[in-house]
Amino acid sequence: MQTSLLSHVENTEKEILRLSKEIESLENSIEVDPEIEQLESQNSKLKYQIGHLQRAIEREQSKRMISFPTYFSEKIRSVVSDLYPGINVKIEVGPNTSKGKNGDYQCSAAFLLAKELGKSGTKCNPRDVSTKVSGGIGPLDCLEKVEITGPGFLNFHLKPSFVSSQIQDILLNGVRAPPCSKILKIIVDFSSPNIAKEMHVGHLRSTIIGDTVCRLLEFMGHEVHRVNHLGDWGTQFGMLIAHLQDKFPNYSVESPPIENLQAFYKESKTRFDSDPEFKQRAYQRVVDLQGGNEEIIKAWKMICDVSLFEFDKIYERLDIKVSPCGESFYQKKMEELVPELEKQGKLTASDGCKLVFVEGEEVPLMVVKSDGGFTYDTSDLAAVKYRMVELDADWGVYVVDNGQGLHFKLLFTAARSLGIVAPEKQLSHVGFGVVLGEDRKKFKTRSGDTVKLKNLLDEGLERAEKKIRLKEEDKKAKGSGGLLTEEEIISCRGCRYIRLHKVR
């Protein structure tokens with residue numbers, strides 16, 4: 001029995017040894033495919049590059065300041081989607097206005113959530129909802145605590161140490177924009193003076209506010225297109241060119257200064273209103289301009305160039321950057337748009353005109369006049385289509401005074417109802433009040449003319465410099481220093497602050 005057992009053990013050991021040698025032999029005989037080795041090497045490199053890029057992204061994001069309302073809103077939204085699938089409410093977090101009481105930021109979304117849950121058959125009060133939501137937010141580096149107050153307000157208390165670190169970061173690195181979740185293409189339309197006229201005080205607010213809007217959006221990381229929608233087309237150019245042909249025969253080779261162009265414009269308007277023969281010639285010059293007559297086009301371009309040169313002087317003084325794209329750019333586009341709308345049956349004929357009626361509004365947009373000409377409504381519709389369709393902008397912003405509020409309301413509604421602007425795209429009118437004089441009417445000179453922007457800037461600079469000089473003379477008399485350097489003298493850019501220092 002014992003002999004038989006020993007024999008079995010020996011045979012088993014021999015079998016184990018044999019199998020071990022066989023396995024070793026098989027492992028040595030297996031050849032690794034070179035292509036597989038190459039792919040494994042490439043995969044390893046790619047993993048390393050991905051890790052490197054992720055770390056770079058994290059470093060870049062860490063350089064940007066946190067937008068706490070956005071950050072906390074996203075956290076709450078994530079928790080709500082887990083707790084209450086299918087419930088969709090607007091979640092907003094804003095600064096706490098109680099001046100230090102009940103935390104730094106507050107959210108009242110629990111009330112909306114409780115209401116929606118009640119509609120679906122789940123009865124609960126807002127405070128219970130807030131308790132569940134706060135429990136799901138979890139610990140955050142920036143948060144000291146999340147507190148529930150009153151009937152269900154969520155209050156966020158920031159850690160003083162975190163706030164301190166943020167302030168130190170600002171002092172060291174300056175203010176930086178919070179992360180931009182989506183980079184938008186935004187067209188900002190502002191300033192928009194008329195060719196052959198000097199910029200006046202009425203252009204100041206649109207120019208300053210429009211530039212500020214652009215700077216804010218650019219700071220946030222968006223793709224911003226600054227557009228100067230110039231008034232560079234229409235009957236006024238027929239009047240001006242016809243008058244120039246009479247009074248300034250060398251206009252096509254010698255450019256008159258802008259002041260003369262403005263004076264010529266006034267004279268041409270007087271003749272246009274009182275002289276039927278001149279009026280007819282002015283209309284013919286418009287036809288020639290629209291028809292591409294080389295001589296008339298040359299005169300028109302000369303007028304535009306002279307005006308743009310003078311406009312640029314103002315923009316340089318105010319540190320404004322904007323790209324001209326006038327009404328003339330949309331002529332062909334208007335010619336294409338009108339037949340397109342007619343084909344779609346979206347125009348209404350009335351007394352020889354072609355109109356677009358907007359639901360809920362009595363006043364329509366006039367797309368074609370009774371004489372067949374186009375209007376501002378036509379060019380604005382064509383501009384909206386070009387910007388939002390051809391350029392594929394996400395957002396169109398118009399910085400124009402409140403007097404144009406109804407026009408833009410009609411324009412935006414019509415653009416959507418005509419199918420020009422998709423529902424997910426935005427159109428906004430940034431309105432503001434006009435500059436008024438002491439009589440509460442539009443600010444004008446004693447002669448009744450509008451105040452030239454150049455003269456306003458010159459006078460502002462002159463007054464500021466006088467005050468500074470007086471202060472410096474007082475300092476010198478007291479033995480406390482001399483005149484300011486050129487860089488320290490207040491310039492016309494102070495007008496930017498005056499336009500922006502009030503909440504609008």
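The legends below describe close-up views of a predicted model.

**Figure 1. Overview of the protein, with 16 helices and 12 strands.** The protein has 504 residues, of which 37% are buried. Among contacts between residues at least 6 apart in sequence, 68% join residues at least 24 apart.

**Figure 2. The open parallel sheet of five strands.** The strand order is β7-β6-β5-β11-β12. β7 and β12 (residues 426-430) are the edge strands, and each of them pairs on one side only. Within the sheet, β5 is joined to β6 (residues 223-228) by five bridges in the parallel sense. Lys 185 is the residue that stands opposite Glu 223 of β6. Helix α7 packs on this sheet and touches β5, β6, β11 (residues 395-399) and β12. The direction of α7 makes about 165° with that of β6.

**Figure 3. Helix α13 across strands of the five-stranded sheet.** Helix α13 spans residues 376-390 and lies across β5, β6, β11 and β12. Relative to β11, helix α13 runs at about 145°.

**Figure 4. The open antiparallel sheet of three strands.** The strands are arranged in the order β8-β9-β10. At the edges are β8 (residues 348-350) and β10 (residues 365-368), each pairing on one side only. On average, neighbouring strands of this sheet are turned by 45° against each other, direction ignored. Three bridges connect β8 with β9 (residues 353-356) in the antiparallel sense. Ser 350 stands opposite Cys 353, a residue of β9.

**Figure 5. Packing of helix α4 on helix α5.** Helix α4 covers residues 109-119 and helix α5 covers residues 126-137. Their axes are 8 Å apart, and the helices pack at an angle of about 110°. Angles of 65 to 115 degrees count as roughly perpendicular, and α4 and α5 are therefore roughly perpendicular to each other. The crossing of these two helices is right-handed. On the α4 side, the contact is made by Ala 110, Phe 111, Leu 113, Ala 114 and Leu 117, and on the α5 side by Pro 126, Val 129 and Ser 130. Sorted by class, the contact of α4 with α5 has seven nonpolar residues, one polar residue and no charged residues.

**Figure 6. Packing of helix α10 on helix α11.** The axis of α10 (residues 276-291) comes within 8 Å of the axis of α11, and the two cross at roughly 95°. This angle makes α10 roughly perpendicular to α11. Helix α10 contributes Arg 285, Asp 288 and Leu 289 to the contact, and helix α11 contributes Ile 296, Ile 297 and Trp 300. By class, the contact of α10 with α11 has four nonpolar and two charged residues, with no polar ones.

Figure 7. Pro 69 and Val 93 are 24 residues apart in sequence, and their C-alpha atoms are 4.9 Å apart in space. Leaving aside residues up to four places away in sequence, Pro 69 touches Val 93 and Tyr 105. With a relative accessible area of 23%, Pro 69 is partly exposed, because the class of buried residues is limited to those under 20%.

**Figure 8. Glu 335 of helix α12 and Phe 374.** Glu 335 is found in α12, which runs over residues 331-343. The C-alpha atoms of Glu 335 and Phe 374 are separated by 8.9 Å, and the two residues are 39 apart along the chain. Glu 335 has a relative accessible area of 43% and is partly exposed.

Figure 9. Ser 192 lies in the loop between β5 (residues 185-189) and α7 (residues 202-219). Ser 192 counts as partly exposed, at 25% relative accessibility. Asp 319 lies in the loop that runs between α11 (residues 294-318) and β7 (residues 323-324).

Note on methods: Residues are numbered from 1 along each chain as its sequence is written. This is a predicted model: local features need pLDDT of at least 70, side-chain atom pairs count only at pLDDT 80 or more; totals for chains, interfaces and linings use all residues. Side-chain values use heavy atoms; hydrogens and water are left out. Two strands pair if DSSP finds at least two bridges between them. Helices (H or I, at least four residues) and strands (E, at least two) are DSSP runs, numbered from the N terminus. Axes are lines fitted to C-alpha atoms, for helices over the stretch in contact, and angles run from 0 to 180 degrees between N-to-C directions. Buried means under 20% relative accessible area, exposed over 50%, partly exposed in between (1.4 Å probe, protein chains only). Angles under 35 degrees count as roughly parallel, over 145 as roughly antiparallel, 65 to 115 as roughly perpendicular and the rest as oblique. A crossing is left-handed if the near helix is turned anticlockwise from the far one by less than a right angle, and right-handed if clockwise. Contact means heavy atoms within 4.5 Å. Ala, Val, Leu, Ile, Met, Phe, Trp, Tyr, Cys and Pro count as nonpolar, Asp, Glu, Lys and Arg as charged, and the others, Gly among them, as polar.
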